[in-house]
Amino acid sequence: MGKRSRKRRARRAWIVPLVMPLVWILVRRVQKARPRAAYRLAMTLGTLFRWIGFTGATIRRNLELACDRPLGRAELRAFKASYYKHLALLVVELVRQPTITDLEDFDEAELARVKDLYDEGNGVIFVSGHAGLWELAAHTAGLLGCKLLSVAKLSGHPQIDELALS
């Protein structure tokens with residue numbers, strides 16, 4: 001992490017202890033909710049994220065780099081709305097993960113293929129990008145009885161790390 005990133009993180013660290021009690025309340029509520037209610041909550045969270053507008057400048061800059069052109073307001077607004085809803089769905093899926101205790105909703109053929117590859121003794125490597133639900137692959141591997149090694153970087157905020165590791 002660069003010097004600028006450390007300074008930015010230090011400037012924002014004061015808010016973590018203020019927000020975490022609310023985050024824990026939301027986590028418990030999402031874990032107790034039925035799936036449909038949890039996803040409705042995700043849509044509400046996505047709207048809230050959009051109103052707050054965190055990472056908005058980064059989204060614009062990265063999208064313009066990806067498109068290799070400046071974006072119009074309507075185009076950027078539509079993308080941001082989709083981005084924040086997707087982010088909220090990822091958060092809800094991550095929080096709901098401990099409630100998944102069986103594999104009945106997963107594709108049986110794919111699970112069997114992973115298990116067969118694992119049982120051959122050579123191991124299986126899953127590679128994923130940062131902003132996906134790669135955590136679900138790890139959770140599923142545990143349900144299949146596969147040993148797992150993950151590499152990740154903690155946030156540096158003890159309260160956030162506690163949530164991530166719980």
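## Ground rules

A residue counts as buried under 20% relative accessible area, exposed over 50%, and partly exposed in between, using a 1.4 Å probe and protein chains only. This is a predicted model, where local features need pLDDT of at least 70 and side-chain atom pairs count only at pLDDT 80 or more, while totals for chains, interfaces and linings use all residues. Residues are numbered from 1 along each chain as its sequence is written, and side-chain values use heavy atoms, with hydrogens and water left out.

## The overall picture

The protein chain has eight helices and zero strands. Both kinds of element are DSSP runs (H or I of at least four residues for helices, E of at least two for strands), numbered from the N terminus. Along the principal axes, the C-alpha atoms fill a box of roughly 50 × 40 × 40 Å.

Of the 166 residues, 19% count as buried. Take contacts (heavy atoms within 4.5 Å) between residues at least 6 apart in sequence: 77% of those join residues at least 24 apart.

A nonpolar core here is a set of buried Ala, Val, Leu, Ile, Met, Phe, Trp, Tyr and Cys residues joined through side-chain atoms within 4.5 Å. The largest one has eleven residues: Val 27, Val 30, Ala 38, Ala 42, Leu 45, Phe 49, Ile 59, Tyr 84, Ala 88, Val 92 and Val 95.

Zoom in on Val 95 and you'll find it touching Val 27, Val 30 and Gln 31, leaving aside residues up to four places away in sequence.

## How α4 sits on α5

Two packed helices are described by the angle between their axes and the distance between the axes. For α4 (residues 56-67) and α5, that's an angle of about 115°, with the axes 11 Å apart. The axes are lines fitted to C-alpha atoms over the stretch in contact, and angles run from 0 to 180 degrees between N-to-C directions.

On the α4 side, the contact uses Gly 56, Ile 59, Arg 60 and Leu 63, while α5 brings Leu 76, Phe 79, Lys 80, Tyr 83 and Tyr 84. These residues split into six nonpolar, one polar and two charged. In that scheme, Ala, Val, Leu, Ile, Met, Phe, Trp, Tyr, Cys and Pro are nonpolar, Asp, Glu, Lys and Arg are charged, and the others, Gly among them, are polar.

## Helix α7 and Thr 140

Thr 140 is found in helix α7 (residues 134-144). It counts as buried because its relative accessible area is 8%. Leaving out residues up to four places away in sequence, Thr 140 touches Leu 103, Phe 106 and Leu 111.

The buried residues of α7 are Glu 135, Leu 136, Thr 140, Ala 141 and Leu 144. An α-helix has 3.6 residues a turn, so residues three or four places apart point the same way. What covers the buried residues of α7 includes α5 and α6 (108-119). Just after α7, Gly 145 takes a positive phi of about 85°.

Lys 147 lies in the loop between α7 and α8 (158-165). With a relative accessible area of 76%, Lys 147 is exposed. Lys 147 and Leu 87 are 60 residues apart in sequence and, C-alpha to C-alpha, 29 Å apart in space.
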